[in-house]
Amino acid sequence: MGFKDLEVWQASRKIAVCTYRLTEGFPKSENFGITSQMRRAAVSIPCNIAEGYGRRSTGSYSHFLRIAKGSVNELETLLILNADLGLMSVDDPVAGDLAKVGSMLSNLIAKVHPTERSQRLLG
């Protein structure tokens, strides 16, 4: 089994593609602002899952999964800001998919590094 077999990697890859498609319609003035930031955050999620998996160390894997989880939170914040700015709908499906990926990552982190459960400060 490789990282491409992980459901969380597959789901996060779809989020990255959806994010690119979503931001295609954003104003050109945002190409170097919100559009760029959203795309980087979205791509960071599956990339960090894959990189951590490839490190072949529980500690490294857990570390990169936590980075991916941070990118989920970053992208969620950017989606909220975009809705506030009227650039997208609050009900865009990518937000629900992102919440699922965040939950999947939390569960995987707890599985890979069981002591993470007791060390987690936030959800």
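Predicted model: local features only at pLDDT ≥ 70, side-chain atom pairs only at ≥ 80, totals over all residues.
Helix α2, which spans residues 34–54, packs against α3 at an angle of about 160°, and the axes of α2 and α3 lie 8 Å apart. Because angles over 145 degrees count as roughly antiparallel, α2 is described as roughly antiparallel to α3. The crossing of α2 and α3 is left-handed, and the residues that form the contact between α2 and α3 divide by class into 16 nonpolar, seven polar and two charged.

Helix α3 (residues 58–84) also packs against helix α4, which covers residues 93–112, at an angle of about 160° and with the two axes 10 Å apart. That angle makes α3 roughly antiparallel to α4, and the crossing of α3 and α4 is left-handed. On the α3 side, the contact is made by Thr58, Tyr61, Ser62, Leu65, Arg66, Ala68, Lys69, Val72, Leu75, Glu76 and Leu79, while α4 contributes Val94, Ala95, Leu98, Val101, Gly102, Leu105, Ser106, Leu108, Ile109 and Val112. Sorted by class, the contact of α3 with α4 comprises 14 nonpolar, four polar and three charged residues.

Helix α1 (residues 7–23) packs against α4 at an angle of about 150°, with the axes of α1 and α4 10 Å apart. With that angle, α1 is roughly antiparallel to α4, and the crossing of α1 and α4 is left-handed. The contact involves Glu7, Val8, Ala11, Ser12, Ile15, Cys18, Thr19 and Leu22 of α1, which meet Val94, Asp97, Leu98, Val101, Met104, Leu105 and Leu108 of α4. In the contact of α1 with α4, 11 residues are nonpolar, two are polar and two are charged.

Leu22, located in helix α1, touches Met38, Leu79, Met88, Asp92 and Val94 when its neighbours within four places in sequence are left aside. Of these, Val94 is listed among the α4 residues in the contact with α1, as Leu22 is among those of α1, and Leu79 is listed among the α3 residues in the contact with α4. The C-alpha atoms of Leu22 and Leu87 are 9.7 Å apart in space, although 65 residues separate Leu22 and Leu87 in sequence.

Asn82, which belongs to helix α3, counts as buried because its relative accessibility is 0%, a value under the 20% limit for burial. Residues up to four places away in sequence excepted, Asn82 is in contact with Phe26, Ile34, Met38, Leu87 and Met88. For Asn82 and Ile34, which are 48 residues apart along the chain, the separation of the C-alpha atoms is 8.1 Å. Ser71, also placed in helix α3, is buried as well, having a relative accessible area of 6%. The side chain of Ser71 forms a polar contact of 2.8 Å with the side chain of Ser44, and, with residues up to four places away in sequence not counted, Ser71 touches Ala41, Ser44 and Ile45.

Ala110 counts as buried at 5% relative accessibility, whereas Pro93 is exposed, with a relative accessible area of 59%. The C-alpha atoms of Ala110 and Ser62 are 8.7 Å apart in space, and Ala110 and Ser62 are 48 residues apart in sequence. For Pro93 and Arg66, which lie 27 residues apart along the chain, the C-alpha atoms are separated by 23 Å.

The loop between α2 and α3 contains Arg56, a residue that has a positive phi of about 60° although it is not a glycine. Arg56 is exposed, with a relative accessible area of 67%.

Note on methods. Residues numbered from 1 in each chain as written. Heavy atoms only, no water. Helix = DSSP H or I, 4+ residues; strand = E, 2+ residues; numbered from the N terminus. Buried < 20%, exposed > 50% of the residue type's maximum accessible area, 1.4 Å probe, protein only. Polar contact = N/O pair within 3.5 Å; in protein donor to acceptor, adjacent residues only side chain to side chain. Contact = heavy atoms within 4.5 Å. Axes fitted to C-alpha atoms, helices over the stretch in contact; angles between N-to-C directions. Parallel < 35°, antiparallel > 145°, perpendicular 65-115°, else oblique. Left-handed = near helix turned anticlockwise from the far one by under 90°. Nonpolar A, V, L, I, M, F, W, Y, C, P; charged D, E, K, R; others polar.
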